[in-house]
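Please find below my notes on the model.

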Amino acid sequence: MSKPSPPLLLLLLLSATLVATCRADPEPVQDFCVAAPRGDGESAAAFPGLPCKPASMVVSDDFFFAGHARAASTDNPMGSGVTPGNVEAFPGLNTLGVSINRVDLAPGGINPLHSHPRAAELVNVVAGEMLVGFVSTAGKFYSKVVREGESFVIPRGLVHFQYNVGTGPARAMTVFNSQLPGVVIAAPALFGAEPEIPDAVLAKSFQVDGEVIKLLKSKFRK
Ligand code: GLV
Ligand code: MN
């Protein structure tokens with residue numbers, strides 16, 4: 001086989017680097033690494049994953065998760081319930097680079113504006129119909145009414161939502177290319193942060209007066 005020319009070599013190197021840097025989680029180095037039980041309050045955000053339970057103690061149930069069999073309550077001001085299926089809830093996902101949530105929306109319910117710093121999200125609607133949308137870094141809003149059996153993808157890190165626009169309850173399964181995508185929910189992150197973001201910072205950022213900020217904080221601060 002002839003040697004690749006220098007420009008081709010450069011292109012190959014560039015593509016390899018791009019592929020490596022676009023991955024969400026690190027590549028696994030073994031078949032599986034079921035997360036060993038963690039101590040109270042110990043974070044699941046660990047690099048390159050959580051410590052493994054000894055392979056000799058791994059059983060079929062470690063690869064099974066029943067947490068999505070039932071709907072989450074939507075009896076709250078948003079009319080929504082998200083049941084996470086990440087490595088914290090499902091230790092068998094450790095080092096596998098994937099996770100899955102169940103999203104339940106009452107009629108008119110919303111999974112409010114939020115983003116995932118560590119993963120892209122594939123939204124597959126299982127029941128009902130929802131408006132799914134995100135905003136790009138160029139400030140463009142992309143959205144679509146997504147119905148049963150259809151999917152919509154949210155690029156990594158971008159602010160997005162799901163809003164039930166049908167007449168009955170709606171449900172989606174959302175799949176991530178990370179075992180722990182992380183979530184920043186926009187309104188509580190800004191108006192419910194602890195310690196609080198100074199009113200002046202928020203008022204200036206949103207170009208409104210302090211009373212508006214106080215009202216918003218009263219809704220999101222505990
Ligand atoms: C939906 O957006 C989810 O994060 O599960
Ligand atoms: Mn999401």
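1. The torsion about the S-S bond of Cys33 and Cys52 is about -105 degrees, so the disulfide (a pair of cysteine sulfur atoms within 2.5 Å) is left-handed. Cys33 and Cys52 are joined with an S to S distance of 2.1 Å, and the structure holds one disulfide. Both Cys33 and Cys52 lie in the loop between helix H1 (6-22) and strand S1 (80-83), so the pair ties together parts that are 19 residues apart in sequence. Helices (H or I, at least four residues) and strands (E, at least two) are DSSP runs, numbered from the N terminus. Cys33 counts as buried at 3% relative accessibility, while Cys52, at 40%, counts as partly exposed. Buried means under 20% relative accessible area, exposed over 50% and partly exposed in between (1.4 Å probe, protein chains only).

2. On conventions: this is a predicted model, in which local features need pLDDT of at least 70 and side-chain atom pairs count only at pLDDT 80 or more, while totals for chains, interfaces and linings use all residues. Residues are numbered from 1 along each chain as its sequence is written, chains are lettered from A and ligands numbered from 1 in the order in which they are written, and side-chain values use heavy atoms, with hydrogens and water left out.

3. An open sheet is formed by five strands in the order S6-S5-S8-S3-S10, with antiparallel pairing. Its edge strands, S6 (141-147) and S10 (184-185), each pair on one side only. S3 (residues 110-115) and S10 are joined by two bridges; two strands pair if DSSP finds at least two bridges between them. His114 has Ile185 in S10 as its bridge partner.

4. Six aromatic pairs are found in a search of the whole structure. The ring centres of Phe32 and Phe63 are 5.2 Å apart and the planes stand at 75 degrees, so this pair is edge-to-face. Rings of Phe, Tyr and Trp (its six-membered ring) pair if their centres lie within 6.5 Å; planes under 30 degrees apart count as stacked, over 60 as edge-to-face and the rest as tilted. Phe32 is partly exposed at 31% relative accessibility, as is Phe63 at 41%. The pair of Phe191 and Phe206 is tilted, at 5.6 Å centre to centre and 45 degrees between the planes. This pair links helix H2 (residues 186-191) to helix H3 (residues 199-206). Phe191 is buried at 7%, whereas Phe206 is partly exposed at 42%.

5. Val98 is in the loop between S1 and strand S2 (99-105).

6. The structure holds eight salt bridges (a side-chain nitrogen of Lys or Arg within 4 Å of a carboxyl oxygen of Asp or Glu). In one of them, Lys53 and Asp62 have their closest N and O atoms 2.9 Å apart, and both residues are buried.

7. Which residues does Glu196 bridge to? The partners include Lys217, at 2.8 Å between the closest N and O atoms, and Arg221, at 3.8 Å. Glu194, Asp199 and Lys214 belong to the network of salt bridges that links these residues.
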